[in-house]
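Visitor: Could you pick one part of this structure and walk me through it closely? I'd like to see how it sits among its surroundings.

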Amino acid sequence: MSETPGGPHPSGRRTQRHDHRGRSVRPVTGHEQNPAADLGGSRVLVTGGAGFIGSHLVDTLLARGAAQVRVLDNLVNGTRENLAHLDDNPSVSLITGDVRDRAARDAALTDIDIVYHLACLGVRHSLHDPVENHLVNASGSLDMLISAREHVVDRFIYVSTSEVFGTAQYAPMDEQHPTWPETVYGGGKLAGEAYARAFYRTYGMDTVVVRPFNTYGPRSHFEGDSGEVLPRTIVRLLAGHRPLIFGDGEQTRDFMHVSDTANALALLAKASGAAGQTLNLGSGTEVTMNELCAAVALAARRPDLTPEHVEARPGDVRRLIGDPTRMRTLTGFEPRVGFDDGVAQLVDWFSNNRQTRSEMLDRVADRNWLTGAVT
Ligand SMILES: NC(=O)c1ccc[n+]([C@@H]2O[C@H](COP(=O)([O-])OP(=O)(O)OC[C@H]3O[C@@H](n4cnc5c(N)ncnc54)[C@H](O)[C@@H]3O)[C@@H](O)[C@H]2O)c1
């Protein structure tokens, strides 16, 4: 893996053939006859690719035969360590730069076919720094769309979030479910969705919007304001502390293992009929926070550590569960890892982490919507 700071690319912009709508045209090759399964020959950019989901997506794209995977990440929450296993892979490169920086975008987008845009700041960050959250998540996504259009990419996949929905008004939530985000994060991600759809309608650019629900697995964040409920709960239990539940614990989430999330995202690179679509990426099942704590306690063999219920988190969505039908119909995608198995694997992963249990616990911020990042 090579690494460069963001800046202008020596070879300048790419020249390419265009169709009558000004969109790029590539010769049809053998792998496109089986489009969803084979990425052979594709050059892919993953913004946020040093992060949790992004780094797994990089692995999956390579496994599916991408010729080149480039990462644009400013490492504010992502790490080189997440990509360290690819150090010797010449097909992977990392540009350390910000999606808001034009020179970094130009360097990242030169000679790229497919863009996955994941770079963003998280939901709890939006509670203590709404302006920066908006600037990265909403404005930064618009910047990426503008630059990707200038560089004439074949497809732009905008990775949104189920947080755009707000709490479920009916369940499971299909793509027509109203969007009433309850946080600036959800609002900013929804703006990015709207811009991606607008680029499809206004400019005929091939954009796809995908909304993962909750994703968990190795490399997930437990630290600072990036910390997700499942890894934080695991770290607390492994360190011998009772898990914290904000509110009554009957709020639900739809969990998917990151290997499944990455597989589903990879299928979208070539899925025909995906252009202009908005797709939920959920499992169609929901887990309460009380059930989540019970599953972790069982996997960690600490049933004695019962949850401690404390005040509810502001803006905490009550119920999230996605209808997976459209994604399944379009790509044939089915998740493979069940929740209990995935939790048991993740407990093992954290048990074998190079950091000690107390080192990890020190980096957990319990009320992490009040704090900045802990590094
Ligand atoms: N983790 C989940 O459960 C979940 C659920 C739904 C949607 N998503 C979406 O998936 C995507 C990835 O989420 P994740 O959980 O892997 O988070 P993450 O924080 O691990 O990944 C985001 C990456 O973006 C990078 N980044 C942040 N600001 C940047 C900037 N200005 N320029 C360049 N890079 C920047 C970070 O360093 C990080 O590596 C996000 O778009 C998120 O909205 C995640």
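Guide: Let's start with a working rule: a residue is near a molecule if its C-beta atom, placed from the backbone, lies within 6 Å of it. Keep in mind too that this is a predicted model. There are 31 residues around the ligand, and those that come nearest are Gly48, Gly51, Phe52, Gly78 and Ala119. Two or more residues of that shell come from each of helix 1 (52-63), strand 3 (68-73), helix 4 (130-150) and strand 8 (214-216).

Before we leave the ligand, a word on the make-up of its shell: 14 residues are nonpolar, 13 are polar and four are charged.

Now, how covered is helix 1? Mostly: 10 of its 12 residues are buried. The buried ones are Phe52, Ile53, Gly54, Ser55, His56, Leu57, Val58, Asp59, Thr60 and Leu61. Phe52 also turns up among the residues that come nearest to the ligand. As a reminder about helices, an α-helix has 3.6 residues a turn, so residues three or four places apart point the same way.

What do those buried residues pack against? Their partners are strand 2 (43-47), strand 3, strand 4 (92-96), strand 5 (114-117), strand 8 and helix 7 (258-267). Past the end of the helix, glycine 65 follows, and its phi is positive, near 95 degrees.

An open sheet of eight strands runs in the order 1-4-3-2-5-6-7-12, with parallel pairing. Its edges are strand 1 (2-5) and strand 12 (278-281), each of which pairs on one side only. On average, neighbouring strands of this sheet are turned by 20 degrees against each other, direction ignored.

Stepping back to the whole chain, you'll find 11 helices and 14 strands. Of the 375 residues, 50% are buried. Among contacts with a separation of 6 or more, 82% are between residues 24 or more positions apart.

Technical notes: Residues are numbered from 1 along each chain as its sequence is written. This is a predicted model: local features need pLDDT of at least 70, side-chain atom pairs count only at pLDDT 80 or more; totals for chains, interfaces and linings use all residues. Helices (H or I, at least four residues) and strands (E, at least two) are DSSP runs, numbered from the N terminus. Ala, Val, Leu, Ile, Met, Phe, Trp, Tyr, Cys and Pro count as nonpolar, Asp, Glu, Lys and Arg as charged, and the others, Gly among them, as polar. A residue is buried if 20 or more other C-beta atoms lie within 10 Å of its own, exposed if 12 or fewer, and partly exposed in between; C-beta atoms are placed from the backbone. Two residues are in contact if their C-beta atoms, placed from the backbone, lie within 7 Å. Two strands pair if DSSP finds at least two bridges between them. Axes are lines fitted to C-alpha atoms, for helices over the stretch in contact, and angles run from 0 to 180 degrees between N-to-C directions.
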